[in-house]
Amino acid sequence: MHPAVPIIIALFSAGIGYANPLLHLPAAILAFPLALGFIAISAESPRKALKRGWIAGSLAAMACMYWIAYPVGVYGGLPWALAIPCPVLVGMIVGAYYALYTYILHHAARTLPPFALCIFSGLLWTTMETAQGVLLSGYPWMTLSSALAFRPEWIQGAAFIGAYGLSGLLVSVATAILVWKISNPVKIWAVAVVALIIILGGVRTTPQQFTYLEKTGETSIGIVQGNINQARKWDAKYKKTTFEKYLNLSRKITDNSDLVVWPETAMPFYLQDRGIMRAELVNFATETKTPILTGAPGYVMHSKGDFSLYNRAFLISPDKIDMDWYDKSHLVPFGEYIPFKEFLPLGKLVQGAGDFLPGSDASPLQSGDLAMGMLICYEGIFPELAQERVEKGANLLINISNDAWYGKTSAPLQHLNLVTMRAVEQGRYMIRGTNTGVSACIDPLGRVSHATGLFVDAAVAVKAELMNGETFYHANYTAVTSTPLVLTLLFSVWIIITCRKNSAGIKI
């Protein structure tokens, strides 16, 4: 096979495997690790495995995250000649993870027997995705298993081994396919894993059962999608119009609602300051007897001219004078803050209220029986953040976001898929409220309901159950997340020790 073929397969499998508005075939994503595995095993040398893996991984990342150019070009003030290279640069950085994967797997294929190679490839992939979520501020956008989130019956394993672990399990099957002809144990392994995924999905999703969870009540929640033009959002002339639009949409769903959710920075002003619009909002909550959860910038004043800004979610309760809030803890680099700004001659790439600081309190916001674990914007793509919210007592997860930055690209759909994995991992309903879509209700099995369209006004009322139990993943989080890392390290040490003894390796 020509060396370019697996690279092309990696490109197209990522392009149509991850969610996109044109042609989405979730199962195609499995060809991505298949192509990388072929590169690793068939390469004539470690250097060629590294190089080809980097090219394939970089092109796959560009195909998945091409939309990065949109917010930079449309809202960042950069000319398109500079905006278009941004996803290329990000893709090349992300591609380095896949290069390292193919490099290590190349050595493993010359040391390990086929069955051990399958197991190791899955552990290595899980470790790689974990690293993507931690290093360089963390950006685990290309979690393999999230591509399958549109089919809830395929992702139930995340409740036991997490999204990263499920990705690794799928990769081990892909590797088994590569060495299928030379090993009977790998055939048994691959069939057993596929059968387990199918059976587990069937048992958990048909009929609906949350037998591992304790239901503590039901709630009715309204979700408002304001569909505010991002180019005008921070223009003071449109502040009043934006506020009134949210109020008018909310009036449609306040009857019998326990909460109304507005998106991230829905209010483009300092809601904590006393003023006419804050008074109107408090009066609205009081008159309708409905708490309002809304995003808005917040601040802490230290002294005259010295203050700290936060991306904040405010809870306005009809029976309380003061507002509760949550401050976003994981900020977007170059969007909400500038890393190493004392050394880099760069400003923020998108507009907003200012440079934010991260919050430190992950405690749930309380409203009646609701204990809401808050995840603002892309905080929903990090498993450890949802884990922390539930650990602190959340019986419901809420993700407020503003995906208007990305236009009608693949990003909002991919974001929805990633957030869906958090609901399955934690066994909690996820209420997702966005400015321009996709807003939705996601149940603990990853089933999405009441999904809104992109760039439409919407006000929907959803029913959710409050949960108080633990998934296996949540209860054993430390063991589930650390075991693959330890085993990958042990395998790697063994490979380093024995690689010189066997240079022939597996042939495919």
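This is a predicted model: local features need pLDDT of at least 70, side-chain atom pairs count only at pLDDT 80 or more; totals for chains, interfaces and linings use all residues.

Me: What does the side chain of Lys 245 meet in a salt bridge?

Reply: A salt bridge pairs a side-chain nitrogen of Lys or Arg with a carboxyl oxygen of Asp or Glu within 4 Å. Here Lys 245 meets Asp 457, at 3.1 Å from N to O. Lys 245 sits in helix H10 (residues 239-250) and Asp 457 in the loop between strand S11 (448-449) and S12, so the pair ties together parts that are 212 residues apart in sequence. Asp 457 is partly exposed too, with a relative accessible area of 42%.

Me: How many salt bridges does the structure hold?

Reply: There are 14. One of them joins Glu 465 to Lys 215, with the closest N and O atoms 3.6 Å apart. That pair also links distant parts of the chain, as Glu 465 is in strand S12 and Lys 215 in strand S1, 250 residues apart. Check the cover as well: Glu 465 is buried at 12% relative accessible area, whereas Lys 215 is partly exposed at 48%. Elsewhere, Glu 44, Lys 48 and Arg 52 form a network of salt bridges.

Me: S1 and S12 came up there. How do they run, parallel or antiparallel?

Reply: First, the general idea: in a regular strand, side chains alternate between the two faces of the sheet. In this model, S1 (residues 215-225) and S12 run antiparallel and are joined by 10 bridges. Within that pairing, Gly 217 stands opposite Leu 466. S12 (residues 458-467) is mostly covered, with seven of its 10 residues buried.

Me: And how many disulfides does the structure hold?

Reply: A disulfide is a covalent bond between two cysteine sulfur atoms. This structure has zero. Take Cys 86: the nearest cysteine sulfur belongs to Cys 64 and is 16 Å away. For Cys 441, the nearest is that of Cys 377, 20 Å away. Cys 441 counts as buried, at 2% relative accessibility.

Technical notes: Residues are numbered from 1 along each chain as its sequence is written. Side-chain values use heavy atoms; hydrogens and water are left out. Buried means under 20% relative accessible area, exposed over 50%, partly exposed in between (1.4 Å probe, protein chains only). Helices (H or I, at least four residues) and strands (E, at least two) are DSSP runs, numbered from the N terminus. Two strands pair if DSSP finds at least two bridges between them. A disulfide is a pair of cysteine sulfur atoms within 2.5 Å.
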